[in-house]
Amino acid sequence: MQTDGADGGTFHGVPSLLLTTRGRRSGKLRRTALMYGRDGDTYLLVASNGGAAKHPAWYLNLTADPAVEIQVGAERITGRARTATAEERVRLWPVMTKVFPTYARYEQETEREIPVIVIERID
């Protein structure tokens with residue numbers, strides 16, 4: 001049953017949100033449930049793809065079109081997503097590995113640097 005965010009909001013005890021991106025090839029809206037962290041007023045995501053060699057499709061979509069919507073609980077937020085700079089990532093990666101420690105293992109299992117995504121509210 002759909003509860004418009006009244007139920008849920010965690011995945012295995014980790015805060016989660018719904019990210020809506022526009023498909024880079026199809027142009028269709030795509031929704032993905034993801035774990036998140038916070039840094040002040042911004043929301044943080046990790047494009048881990050479970051430690052796979054390739055970036056997840058949702059990350060490729062937001063790099064093509066950074067206009068996103070996130071739903072945190074019942075709140076819907078319009079935002080702009082971007083990959084954290086190298087300097088930001090140094091600070092933000094530990095924030096996200098504290099949220100979900102398995103990210104550290106994923107990074108060891110892949111040769112790519114796993115991106116940290118910053119979503120800034122534009123409401």
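I began with E75, which is partly exposed at a relative accessible area of 38% (buried means under 20%, exposed over 50%, partly exposed in between, with a 1.4 Å probe and protein chains only). I am working on a predicted model, in which local features need pLDDT of at least 70, side-chain atom pairs count only at pLDDT 80 or more, and totals for chains, interfaces and linings use all residues. Residues are numbered from 1 along each chain as its sequence is written, and side-chain values use heavy atoms, leaving out hydrogens and water.

I then looked for the partner of E75 and found a salt bridge with R121, the closest N and O atoms being 3.2 Å apart (the rule asks for a side-chain nitrogen of Lys or Arg within 4 Å of a carboxyl oxygen of Asp or Glu). This pair links distant parts of the chain, since R121 lies in strand β8 and E75 in strand β7, 46 residues apart (strands are DSSP runs of E, at least two residues, and helices runs of H or I, at least four, numbered from the N terminus). R121 is itself partly exposed, at 40%.

I next noted R82 and E120, whose side chains meet in a salt bridge at 3.4 Å, N to O; R82 is in β7 and E120 in β8, 38 residues apart.

Turning to I119, I listed its contacts (heavy atoms within 4.5 Å) beyond four places in sequence, and they include L19, L45, V68 and I70.

Last, I checked helix α3, residues 102-109, where E109 and R105 are 4 residues apart, about one helical turn, and form a salt bridge at 2.9 Å, N to O.
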